[in-house]
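Please look over the points below with the model open. They cover charged side-chain pairs and a surface patch.

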Amino acid sequence: MTPVIVESIVISLAVLIGFIISLAIKGGEEIFVIALLFILYFLGKKFFPTRPANRDYVFDSFIFTVAVVIIVLTSGGLTSPIFFLLYFLLFGIGLLVKPMVSLTTSITIVTLLIYSSDNNVTASLPTLLSLPFITPFAVMLGKEFHRTRRIQERDNNLRERSFMFLSTVLTEHI
């Protein structure tokens, strides 16, 4: 398990990389960059498998963050018709990695959107402010999800131990 600060830095770096790539690519070439990202994702999953019991989804979140940021920024940024993908990204990060990472991701995205937009930020201010206002819901949902998963793992562990005890007792009595 990686600490929250490391995960926050990695995902914020993913937002920054997506921002830089969206500025560097010409019109119509973003599909090739996203295809390359998913090829890297599948190759990374093939050659660097992780154990399911102790699985961190930082690599998954990194790739998906870069892809979503590229898609949203190349399709218009604050005025993009698919701006809502950033909301899904925040909730996904809250569920995949630690929930507080979605807070730093939101702050990084808002900062870069302010930087990338024209001087007319006030016209799209409600859209811009919607990201920080939806972040507490993403954090809350992520905390609840991780708490439920821990309880479920503890319950499975207790069931396994009780079945082992029962099988041992039954074998002794037979």
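**Note on salt bridges and a nonpolar patch**

1. Start inside helix H6 (residues 125-173). Arg159 and Asp155 sit four residues apart there, so about one helical turn separates them. The two form a salt bridge, with 3.4 Å between the closest N and O atoms. A salt bridge here means a side-chain nitrogen of Lys or Arg within 4 Å of a carboxyl oxygen of Asp or Glu. Helices are DSSP runs (H or I, at least four residues), numbered from the N terminus.

2. Basis of the values. This is a predicted model: local features need pLDDT of at least 70, side-chain atom pairs count only at pLDDT 80 or more, and totals for chains, interfaces and linings use all residues. Residues are numbered from 1 along each chain as its sequence is written, and side-chain values use heavy atoms, with hydrogens and water left out.

3. Arg159 is partly exposed at 48% relative accessible area. Asp155 is partly exposed too, at 34%. The classes are buried (under 20% relative accessible area), exposed (over 50%) and partly exposed in between, with a 1.4 Å probe and protein chains only.

4. How many salt bridges does a search of the whole structure find? The count is four. The next two points take up two of them, Lys98 with Glu7 and Lys45 with Asp60.

5. Lys98 and Glu7 meet through their side chains at 3.3 Å, N to O. Lys98 is partly exposed, at 23% relative accessibility. Glu7 is buried, at 2%.

6. Lys45 and Asp60 form a salt bridge at 2.9 Å, N to O. Lys45 belongs to helix H2 (residues 30-47) and Asp60 to helix H3 (residues 58-74), so the pair links parts that are 15 residues apart in sequence. Lys45 is partly exposed, at 23%.

7. Now the surface. Val4, Met100, Leu103 and Ile107 form a nonpolar patch with about 300 Å² of accessible area together. Patch residues have over 30% relative accessible area and no salt bridge; nonpolar side chains (Val, Leu, Ile, Met, Phe, Trp, Tyr) are joined within 5 Å, like charges within 9 Å. Areas come from the Shrake-Rupley method with a 1.4 Å probe; for residues, only the protein chains shown count as cover.

8. Val4 is in helix H1. Val4 is partly exposed, at 33% relative accessibility.

Terms used:
Helices (H or I, at least four residues) and strands (E, at least two) are DSSP runs, numbered from the N terminus.
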